[in-house]
Amino acid sequence: MSTKYKATTTEQAYFITITTVGWIDIFTRLNQKYNIINVLSYCQNNKRLEIYAYCLMSNHIHLLCKAVDGFVLSDVIRDFKKFTSKKIISTTIDEPESRREWLLDYFAKACEHLKRNQQYKVWQNGYHAEIVETNWFIKQKVNYIHFNPVKEKIVALPEDYYFSSARNYSGLENDLEVFVIDLF
């Protein structure tokens with residue numbers, strides 16, 4: 001398996017994008033958004049994930065992050081995807097969802113080609129990871145992350161999007177603490 005765009009080193013920060021299969025808009029529902037926020041918080045507290053910036057869009061998440069204290073980022077991301085997949089499926093089944101049958105059918109068809117026996121597939125294989133090596137790169141990626149909902153015309157200002165660290169950087173209420181980088 002290729003290691004291009006994978007978090008293969010330890011103790012280094014990465015810009016990561018994780019995307020749903022078929023770019024399906026899962027995170028249009030508040031309960032599904034909180035599934036992701038809660039698992040990110042768990043990873044911060046129990047898997048030593050340091051998050052510097054994030055934005056949860058309708059079908060993907062951007063993170064600027066690293067794992068510390070001996071934890072390996074690729075392992076953290078693998079566990080994040082595995083646990084959130086199960087949580088997304090159980091929420092789709094157990095809570096009100098007008099697209100339930102369609103979503104479950106799509107997730108089931110997404111894993112038909114897999115060699116191992118799997119009932120549903122929520123996330124695309126792998127994830128896109130770029131190593132952070134310069135302050136310019138950090139600033140560029142934080143801006144990219146924060147302006148993602150502005151570019152999509154969801155909000156006019158980055159800090160108006162609730163599921164983004166732009167709120168942390170603006171000193172506004174948020175549900176996920178991040179390490180604010182003072183490069184601005």
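A nonpolar core is a set of buried Ala, Val, Leu, Ile, Met, Phe, Trp, Tyr and Cys residues joined through side-chain atoms within 4.5 Å; buried means under 20% relative accessible area, with a 1.4 Å probe and protein chains only. The model is predicted, so local features need pLDDT of at least 70 and side-chain atom pairs count only at pLDDT 80 or more, while totals for chains, interfaces and linings use all residues. Residues are numbered from 1 along each chain as its sequence is written, and side-chain values use heavy atoms, with hydrogens and water left out.

Next, select Leu40. Setting aside residues up to four places away in sequence, Leu40 touches Leu49, Ile51, Ile61, Leu63, Phe80 and Leu176, where contact means heavy atoms within 4.5 Å.

Now display H1. Its buried residues include Gln32, Lys33 and Asn35, and their cover includes E2, E3 and H2. Just after H1, Arg48 takes a positive phi of about 55°.

Finally, move to His146 in helix H4 (residues 135-151). His146 is buried, with a relative accessible area of 6%. Its side chain reaches the backbone nitrogen of Ala166 at 3.2 Å.

Methods. Helices (H or I, at least four residues) and strands (E, at least two) are DSSP runs, numbered from the N terminus. Buried means under 20% relative accessible area, exposed over 50%, partly exposed in between (1.4 Å probe, protein chains only). A polar contact is a pair of N or O atoms within 3.5 Å; within protein, one must be able to donate a hydrogen and the other to accept it, and residues adjacent in sequence count only if both atoms are side-chain atoms.
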